Amino acid sequence: MDGGEVVLVTGFGPFRQFLVNPSWKAAQRLKFLGLREGTDVYIKELPVSYVKTQQIIAELWQTLNPKFAVHLGIARGAKALMLEQTGKNSGYSDKDVCGFCPESRCCVEGGAEKLDSVINMRSLSKQFRQAGVDVVYSRDAGRYLCDFAYYCSLYHGRGRAAFIHVPTSGDLASADRLAPLLQTLIQAMLTQLDDPSEPA
């Protein structure tokens, strides 16, 4: 880290048939590409575990204090990128790779039922669709580890986070094709973050 602003980018670890998770491959490629002058990209692989993901995200916000966090996860069967607006606090009943799910079925006990990103994902997805990019706006990140990680990050980062579901099939399934697009998307998010009055 050279003292500039830090953007945290996470991908998930092994999950079912994905011994190397495509979201983690995309994060690694994004680190190689970078984002913009004066911005460090810090990448972290999140295990598909509620307990560990919760601990890691809380620690990263506390120690790294990033300007912004971008979490990547896979959407099996999807061929488009999905920009998630909202993280949900409760309803987590599917077990993680350790066979565990939170006893309380929620991310943060006593936390708001849902938290939104400070980024206007709807306008961002519209802008990219008009440019011919296969991007979908979503308000349901799935109530599994993706949603769980997103809510935890929105909670600790006071809304300064984004979640992007990446496809596992189609043209965008390759990290080499996906990473430049993610780079452009995240740059647009940072522009919106720098000047919220700017249309995304």
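Arg158 counts as exposed because its relative accessibility is 71%, and the cut-off for that label is over 50%. This residue is found in the loop between helix 4 and strand 8 (161-167). Please keep in mind that the model is predicted.

- Arg158 is not a glycine, yet its phi is positive, near 50°.
- Asn65 is another non-glycine residue with a positive phi, of about 45°.

**The largest pocket: space and lining**

- The largest pocket holds about 330 Å³ of space.
- Its lining is made up of 17 residues.
- If you want to find the centre of the largest pocket, look for Phe15, Ile74, Tyr144, Leu145 and Cys146, the lining residues that lie nearest to it.

**The largest pocket: where the lining comes from**

- Two elements, strand 3 (68-75) and helix 4 (145-156), each give at least two residues to the lining of the largest pocket.
- Helix 4 provides the largest share of that lining, with 3 residues.

- Sorted by class, the lining of the largest pocket has 9 nonpolar residues, alongside 5 charged and 3 polar ones.

Key. Residues numbered from 1 in each chain as written. Predicted model: local features only at pLDDT ≥ 70, side-chain atom pairs only at ≥ 80, totals over all residues. Heavy atoms only, no water. 1 Å grid on protein atoms, 1.4 Å probe; cavity = no way out; pocket = protein on both sides within 12 Å on 5 of 7 lines; lining within 4 Å. Points joined across faces, edges and corners; volume = space filled by probe spheres on them. Helix = DSSP H or I, 4+ residues; strand = E, 2+ residues; numbered from the N terminus. Nonpolar A, V, L, I, M, F, W, Y, C, P; charged D, E, K, R; others polar. Buried < 20%, exposed > 50% of the residue type's maximum accessible area, 1.4 Å probe, protein only.
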